[in-house]
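Please look through the model below with an eye to how its elements of secondary structure are arranged. The paragraphs that follow take up the strands and then the helices.

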Amino acid sequence: GEAVGVIPRFCEELFQRIGDLAKEDITFKVEISFYEIYNEKIHDLLSSIKKKKTTLRVREHPVLGPYVEDLNQYVVTSNEGIQKWIDVGTRVRATAATGMNDKS
C-alpha cells in the first residue's frame with residue numbers, strides 16, 4: 001500500500017490525544033484552513049467561491065503575528081473530518097489542474 005504522510009499521521013495522533021484528554025474534562029477546538037501560494041499569489045482552497053479564486057493577503061497581527069486575511073477556517077471534530085476538507089482543497093489546487101509539481 002501507499003505510505004501514510006506526515007499530515008495524516010499527525011492528525012490521527014492529535015485526535016487520539018484529544019480523546020485521551022477528554023476523559024479529564026478538558027475541551028478542545030480544532031480548526032482547519034487550507035491555502036496555496038501559486039505564482040506568488042495566495043488562494044483559499046476551501047473557499048465557497050469556486051469559479052473565481054480571490055487573491056488573499058498576508059497581514060501582521062500585533063500580538064499573534066502573521067496571518068492570511070479572509071482565509072476560511074472550519075471546525076473539525078475528527079481525523080475523518082480533516083481528511084474530507086483536505087480532499088476538497090486538493091481538488092481545486094492549481095497543481096491538481098495543471099498536473100505539474102503535484103508532489104510539492
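Helices (H or I, at least four residues) and strands (E, at least two) are DSSP runs numbered from the N terminus, and two strands pair if DSSP finds at least two bridges between them. The model is a predicted one, in which local features need pLDDT of at least 70 and side-chain atom pairs count only at pLDDT 80 or more, while totals for chains, interfaces and linings use all residues. Residues are numbered from 1 along each chain as its sequence is written, and side-chain values use heavy atoms, with hydrogens and water left out.

Strand 5 (residues 58-61) and strand 6 (residues 65-68) form a hairpin with three residues between them; the two run antiparallel and are joined by four bridges, with Arg 59 standing opposite Tyr 67 of strand 6.

An open sheet of three strands, paired antiparallel, has the order 2-3-4, and its edge strands, strand 2 (35-38) and strand 4 (55-56), each pair on one side only. Strand 3 (residues 41-44) is joined to strand 4 by two bridges, and His 43 has Thr 55 in strand 4 as its bridge partner.

Helix 1 (residues 6-22) packs against helix 2 (residues 79-92) at an angle of about 150 degrees, with the axes 9 Å apart. That makes the two helices, helix 1 and helix 2, roughly antiparallel (angles over 145 degrees count as such). The contact (heavy atoms within 4.5 Å) is made by Ile 7, Pro 8, Cys 11, Glu 12 and Phe 15 of helix 1 together with Asn 79, Ile 82 and Ile 86 of helix 2.

Terms used
Axes are lines fitted to C-alpha atoms, for helices over the stretch in contact, and angles run from 0 to 180 degrees between N-to-C directions. Angles under 35 degrees count as roughly parallel, over 145 as roughly antiparallel, 65 to 115 as roughly perpendicular and the rest as oblique.
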